[in-house]
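Open the model in your viewer and keep the selection panel at hand. The stops below say what to select and what is found there.

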Amino acid sequence: MKSLFFALVTVLSITVAFAQDITGHWNGRVMDQYEINYDFKSGGNILSGKDTHFDGTVDSITNGKIDADSISFDVPIQGQMTHITGKLTENGLTLKFSVQGYDLTADLKKTVTK
């Protein structure tokens, strides 16, 4: 019983720590060409925020979820609703998604907003 309690406390602690880490401004590049920016906000296991595309347009993310060190959300890219998954790593946040049949990855770093 004690080990089950310890496991639950550990999982909850990891989830809370990740939720605190994900909130903020993140930026990176897709295909070393296109700059992308996200402003994430966490609330429990719910992820919300804004996506700033390389062309300067801004969209709200929808269906945002947080599960331990993983996130998922939907955002329009090139006129299509795109599902994005992400994983917090020791170096930042890695996002994965598909656009027009191409599987893409973006590594993002948490930054201070300007």
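Start with the aromatic rings of this predicted model: ring centres within 6.5 Å count as a pair, and by this rule there are three aromatic pairs. Select tyrosine 38 and phenylalanine 40. Their ring centres are 5.3 Å apart and the planes meet at 5°, so this pair is stacked, since the cut-off for stacking is under 30 degrees. Tyrosine 38 and phenylalanine 40 are both buried.

Which strands hold the two residues? Tyrosine 38 belongs to strand S2 (residues 34-43) and phenylalanine 73 to strand S6 (residues 70-77), so the pair ties together parts that are 35 residues apart in sequence. The relative accessible area of tyrosine 38 is 2%, so tyrosine 38 is buried, because buried means under 20%. Phenylalanine 73 is buried as well, with a relative accessible area of 0%. Show Tyr38, Phe40 and Phe73 together: they form one aromatic cluster.

Next, stay on strand S6 and select isoleucine 71, which is found there. Is isoleucine 71 buried or exposed? Its relative accessibility is 4%, so isoleucine 71 counts as buried. For a distance label, pick the C-alpha atoms of isoleucine 71 and isoleucine 46: they are separated by 9.2 Å, and the two residues are 25 residues apart along the chain.

Now widen the selection to the largest nonpolar core. In soluble globular proteins, nonpolar side chains tend to be buried together. This core has 21 residues, and those that touch the most other members are Phe40, Ile71 and Phe73. Colour by strand to see where the core comes from: at least two of its residues are supplied by each of strand S1 (24-30), S2, S6, strand S8 (92-99) and strand S9 (102-111).

The next stop is the largest pocket. Its volume is about 430 Å³. S2, S6, S8 and S9 are the elements that give two or more residues to the lining, and S2 has the largest share, with three residues. Colour the lining by class: twelve residues are nonpolar, five are polar and three are charged.

Then move to strand S1 and select histidine 25, which is found in that strand. Histidine 25 counts as buried, at 15% relative accessibility. What does the side chain of histidine 25 make a polar contact with? One partner is the side chain of aspartate 39, at 2.7 Å.

How values were computed:
Residues numbered from 1 in each chain as written. Predicted model: local features only at pLDDT ≥ 70, side-chain atom pairs only at ≥ 80, totals over all residues. Heavy atoms only, no water. Phe/Tyr/Trp six-rings, centres within 6.5 Å; stacked < 30°, edge-to-face > 60°. Buried < 20%, exposed > 50% of the residue type's maximum accessible area, 1.4 Å probe, protein only. Helix = DSSP H or I, 4+ residues; strand = E, 2+ residues; numbered from the N terminus. Core = buried A, V, L, I, M, F, W, Y, C linked by side-chain atoms within 4.5 Å. 1 Å grid on protein atoms, 1.4 Å probe; cavity = no way out; pocket = protein on both sides within 12 Å on 5 of 7 lines; lining within 4 Å. Points joined across faces, edges and corners; volume = space filled by probe spheres on them. Nonpolar A, V, L, I, M, F, W, Y, C, P; charged D, E, K, R; others polar. Polar contact = N/O pair within 3.5 Å; in protein donor to acceptor, adjacent residues only side chain to side chain.
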